[in-house]
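Hi,

Here is the structure I promised to pass on to you. My notes on what turned up in it follow below.

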Amino acid sequence: MKKAFIILLLVVVGWVLADTFSQITFGESRLGDVKQPETVGAYYLNNTVEKLSVANVITAIVVNYRGFDTLGEVTVLFLAASGLASILYRRKEKGEHDVMILKNSSQLLQTGAKLIFPAILVLGAYVFIHGHLTPGGGFQGGAIIASGFLLMFMAYKDYHVSHNVLTWVESVAGIVFVSVGIWGLISGATFLENVLGTGTLNDLISGGVIPLIYIAVGFKVAAELTGVLETLLNFKTEK
Amino acid sequence: MVFNVIFFSLLAIIILAAAIYAVVQKDLLYAVIATGVISLVLSIYFFIMQAPDVALTEAAIGIALTTIIFVITIRNTSRREDEIPVDKEPDRGDEK
C-alpha cells in the first residue's frame, strides 16, 4: 500500500515536471526581450562585451556589477569555516596523531591520487584564472582545488596541510579583494569600481580588475574549504 | 521533442526517487549517497539548461565536498538514524 502510494506520487510528480519542461523552448533567450533596453538583463547582455571586454557575462555580473554581493558571499564562507574551526579545532599534544582514517587505503587509490592530484590543481587554477573568458570562476576553481586536496586526504592517512599556511593564504586573498575595492574608492570612483583598462576582448589580461578579484576569490575559497576538510578529518570524538 | 520529454522525465524521476530514498532510508550513509546522486543529476540539468557555471559549482560542491563532509560527520556520530551510541549519550546531571 505504502509502496504503491509512493510509486503513484512519483508518476504524478514526474508527469507534471515533464509537462512543464516540455513547454520550455530550448535554445532561445529566456531573459526577456533583449531588444527592450530598459530591463536589467538586456542592459547586461548588450553592454558587457563592449564596455568591459569580458566574454563571460556571468563573471562580469558577479564580480563587477554585483561585486559587493560577492564580497558578502566570501565573508559568509569565511565565517562558516572559522566558526567550524573554532568549535572543532584542538591543539595537538606533542607526538599525538589523531587521524580519523585509521586504515591505509589501497595501492591503486594511492598511486592514482598521486598521479591525478597535480592535474586537479591545474584544472582548478585554469578555471579561476580564465573566469572572465570561459564558464567558471573563483568559487568553482576553489572547490575543484579543495576536492583535489580531499582526494589526497582520503588516499594518504598522514597527509597534512599546515593550518598556518591555509590561514595566511586566506588572509592575503581577502586583503587583496578588499584592497582592490578600496583602490576604486581612492581613484575617485565607487567601491570595487573597475579602475584598470579593460584591454581587448578574449585576451587573458583583460577585463580590468575582474581577473585579479577572481584569482583572490579562488585562493580564498580553496584555502577555506581545505581548512574545513582538514579540521573535520582531524577531529576525534572524546571516548 | 519526444526525446526531450523522455530524457527529462527520466532525470526528474531519478531525482525524485533519490530524494524519497534519502528521506525513507534509516541507514544514513546510504541516504548521503542518495543526496550525492541528486546533485549529480542536478548538475546535468544545469548543464543542459545552458548554465555551465552553476553546473560546475554543483558538481564540485554538491557531489564531492558536501557528501564527504556528511560522511565524516557520520563517522564521528552514529550511522543509523534511530541509534543512540552508549558512549556518546549526553550527561544528565551526573556531576551536579
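Contact here means heavy atoms within 4.5 Å. By that criterion, 33 residues of chain A are in contact with 28 residues of chain B.

A word on conventions: this is a predicted model, in which local features need pLDDT of at least 70 and side-chain atom pairs count only at pLDDT 80 or more, while totals for chains, interfaces and linings use all residues. Residues are numbered from 1 along each chain as its sequence is written, chains are lettered from A in the order in which they are written, and side-chain values use heavy atoms, leaving out hydrogens and water.

Now the interface. Chain A and chain B bury about 2,700 Å² between them, with 77% coming from carbon and sulfur atoms; this is the accessible area (1.4 Å probe) lost on putting the two parts together, summed over both. There are zero salt bridges between the two chains (Lys or Arg side-chain nitrogen within 4 Å of an Asp or Glu carboxyl oxygen).

On to the packing. A nonpolar core is a set of buried (under 20% relative accessible area, 1.4 Å probe, protein chains only) Ala, Val, Leu, Ile, Met, Phe, Trp, Tyr and Cys residues joined through side-chain atoms within 4.5 Å. The largest one has 47 residues, and A:Phe149, A:Val217 and B:Leu65 are among those touching the most other members. Beyond its neighbours within four places in sequence, A:Val217 contacts A:Val74, A:Gly138, A:Phe139 and A:Phe177. A second, separate core of nine residues includes A:Phe21, B:Phe8, B:Ala12 and B:Tyr45.

Best wishes

Technical notes:
Buried means under 20% relative accessible area, exposed over 50%, partly exposed in between (1.4 Å probe, protein chains only).
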